[in-house]
Amino acid sequence: MGKSKKNAARAVPPSKQNPVGSFDRSSSPSSEEYEKVEKSGHSDDTANWTKVSSADSGTDDSQQYPRSPRESNSQAATSSESEADQAKNKKRMSTSKQSAADSDPGELSLVFGRLSELKEGAPTSRQEFYRHAYEIFANIEQINMGSSSPFIGSGRKSEIISCAHEYNTLLLQYFDWLNQNGGDKDEKSYIYKLMRIWDLCERLNFSENDNDVVVNDLVTWLNLYPLSEESSPKDLQRYNSFDSDDEELVIVDRDDISNRSGDDDQEESGDAVDWMHVRRNLLRGNVEEATQILKGCVDSLSLENQGCLHKVIRVAETMPPLPAGSSSSSTTQAAWYKWAVFRRQMADELERFDCSSCDRRVRKEINVVLKILCGDEKVISKAGTFLESFVGLLIYTDPFRSRKDIPAIAERSLSDEDDVVAACYALLLHDWDGVFSAFDDLWLQTHMGHALISAGIMPSGDLPASSDADHEECINPVYHIMNAYANTVAHEFNMWEEAVGYVSGCRTNREFWAKQLLKQRIDSTTDTDALKAMLEGCEKYHFSGLKKMLCKVLAEKYEEQGQMRDATINYARAGDIVSLDKLADTALRKYLDSGILEEVIAETDDTRDAIQKSTHYRFLSQYQRLRTLLHGGRLGEAADLIKQLLSSIDAPAEFQVILLIDSLSILEDVSKSVIFNENETLDLMRRLQSTQKNKDLHANVFAKCYNRVRPDTVVSNDEVVIKISQSLAFNLANALIAQ
C-alpha cells in the first residue's frame, strides 16, 4: 500500500465512478421527478448516521428514500409485464432458492430441486445417455428433412428450441441418477460441466424472442450452481487484486473462498461476517440473501459502522425486481431510474461520512458492498468469479439488455479461465469456435453445434449433397466433429446404427464418411443378418453408394452359401453387371448339364437397370420365357422369341444347338404351316451347318438335349442333326410355295 491511513487518498465514490449505471444514461419521461429527488437536501449531520437502528430506519429517511419493492406499491413495476412473459420466466426459474448462508455447497440443492420430476426414464449409463441424446438428434434431423426450404421459419425454430430443451432435461436426468445411485465421481463432474454450458447456451440462444430481457435468465442460471463450485485459483487471485490506489477498497487476503474476512486483530467483530459471500450473492442477484447476512451482523459492529451498514441495507432492500420478458414497461424502467438516483445519493452521503473513529477494515467492506450495488465496474470485476462479475455488471449497470445485446456487452471483459468458464464466456460472445475449443468434448460439440446450425443461429457451411463417396470436402468443423463422434460411439459403445445417423446429418460428406465408418466392419462381418441390418440403415438414410457396396458384399456371402437367388438379387441391386453375367452363365450351364432351369428374379426398381444391362442375364430371362411359351403351346410367340435369341446369343456357345432343337419342336408340331419364312429358314440352316464344323464343342449335345425333351426315344447326335435338317427343308419348301 505504501501510504499511511492518515494521508491515504480517498476512494473515488461510486457516484463519481459510475453514478447510476449505463441503463439510466438516456433521458426518461420522469426526469423532472428524478431531478427533484436529486436536488433535495442532504443532511450534513454525520452524527445522525450513528443513531440509525433497525427500529427507526424508516423515520427521517422515509421521505427521502424510496420504499422497498417488497414493502410498497413499487411492485407495480412488473405488474404490467405480459402474462406470457411471466409464465415463460416462471418456467425457467427454479421453484425456490435456499439461503446461501444455510446451504451445503456439496448438496447442489438447487439443481436437485429441478430434478424432482425427471427421474422416470433417466439414463443409467454413459451408453444409455448417448442413445437418448441420439433420439433428440434424430428428431432435429427429421425436422430439418421435413422442410424443403432453407429458410427457418418460426414454427420450425420453435420445434428445434423444444429439442434443445430436451438435451438440457436429459443432462439433468442423468446427473440426478448419478447422484442418487452413487455414480462415478469423474462422471458426475463431467455431466455437471455439460449441464452448466448447455443450460447457458439454451438460455442465450434457444428463445422464441431474441428481444427478451436476459438478466433474469442469467441470474437463474448462475444460481443453479452452488457458490463453492464456481471458484478457481484465478478467482482467488482476482478477489485480492485491487490496486494500491484503491486502498480504501482493499479486500483482505484469504486462503480460500469459504469464509474468512478481516484480520485477527480487528477491534470489532467484523470477521463474523462472510463478506465474500455477501458480495458474491449480490453479483448473483441474490439481494435478499445478502441482505439477511448483513442484518445478522449489524449488532456486532460499532455504532458508526452500524449506521453505515443500515444505509447500505436500505439501498439493497429498495432495489426493484429484475426486469423480465420482452416488455420493459415504463413503470419498470421508472422504478429502476428512481432507485439509481437513490443509490447515488446514498453513495454521496457515505463519501462525506467521517470514519476516523470506526474500524476502517469493516468500513471498507461496507463500501465495497455499496459500490457493487452502485454498479462500479472496477469493483464488480474483482468481487466475484468471472461469470459472477459478468452477471453482476449486467444487473447493476445494464439490467434491460436483451439476448442479442450480450455479445457486445461480453466484449468488455477478457477471460483465461478454466474450460467451463472459458466456454461460457465464448457463448456470451457468440464465439462458437471459442466454445468448442475451450471445452473440447465431442458430445457437446456435436449436439450443440448441430442444434445451433439447425436453428439458424450458427452458420451451416454445408455444401450441396455430393454423390462422390470417394472424396471428402472440407466444410464447417462441426460436421467433421460429428463424424469423429460417430466413430467414437460406434467403436466404443457398439452404436453403429446411431453412428450412421450422425454422419447422415452432413449433406456433403455423408456418403464418404458412412463408407469409411462401416467399411472395416463390413469386411470383418460374416453374419448376413448383421449386413442386412446395415443395409436397412443405408436405405433409411439414402446412402446410394454405400448401399451398392453392401449389396455386393451380401451377394458374395449368399453366393458362397449357394443361395443363388439372393445372390442374384443383391448383385443386381449393387449394379454389378459382371457378376450378374457370371451367375447367368452358371445357371445356363446348369441347364445344359441337368436340364434344370433356375427361376429368374422379378424385376424391381432396384434391380431393373442392372438386369437390362446384363446381356447374359437377360438371355437367361428370355430363355426361361421361351420354355414357358413352348410348354403352353404358344408356338407363334415362341418362334418369334427364338429368332430374337438366335440374333445375339449372349450365352454359352452350346445354346445355339439348344435353340435349334427348340425350333425343331415348333417345326414338327406345325408341319403344315409356315413358321419361319425363306430367309429365316436359310439362316437356321446355316447355323446348323456351323455347328457341324465344330463337332468337338457340340459332341453329343444334340442327342443329350433332344433325348431330354423326348425321353421316350433315344437317338444319336447325327440322327438329331438329320431330323433338324429335314424339318428345315420341309419348312423352306412350304415358304417358297407360300410366296
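In the predicted model, K193, R196, I197, L200, C201, L204 and N205 of helix α8 meet D419, V420, A423, C424, L427 and L428 of helix α19. Contact here means heavy atoms within 4.5 Å. By class, the contact of α8 with α19 has nine nonpolar, one polar and three charged residues. Ala, Val, Leu, Ile, Met, Phe, Trp, Tyr, Cys and Pro count as nonpolar, Asp, Glu, Lys and Arg as charged, and the others, Gly among them, as polar. Helix α8 spans residues 185–205 and helix α19 residues 419–429; their axes lie 10 Å apart at an angle of about 10°. Axes are lines fitted to C-alpha atoms over the stretch in contact, with angles from 0 to 180 degrees between N-to-C directions. The two helices are therefore roughly parallel (angles under 35 degrees).

The chain holds 36 helices and zero strands. These are DSSP runs, helices being H or I of at least four residues and strands E of at least two, numbered from the N terminus. Of the 739 residues, 53% are buried, that is, under 20% relative accessible area with a 1.4 Å probe, protein chains only.

The largest nonpolar core has 194 residues. Such a core joins buried Ala, Val, Leu, Ile, Met, Phe, Trp, Tyr and Cys residues through side-chain atoms within 4.5 Å. I191, Y396, W443, M448 and Y623 have the most contacts inside this core. Helix α7 (residues 154–180) gives the most to this core, with 11 residues. Beyond its neighbours within four places in sequence, Y623 contacts Y591, L597, L645, F655, I658, L659 and D662.

Residues are numbered from 1 along each chain as its sequence is written, and side-chain values use heavy atoms, without hydrogens and water. Local features need pLDDT of at least 70 and side-chain atom pairs 80 or more, whereas totals for chains, interfaces and linings use all residues.

Key
Buried < 20%, exposed > 50% of the residue type's maximum accessible area, 1.4 Å probe, protein only. Parallel < 35°, antiparallel > 145°, perpendicular 65-115°, else oblique.
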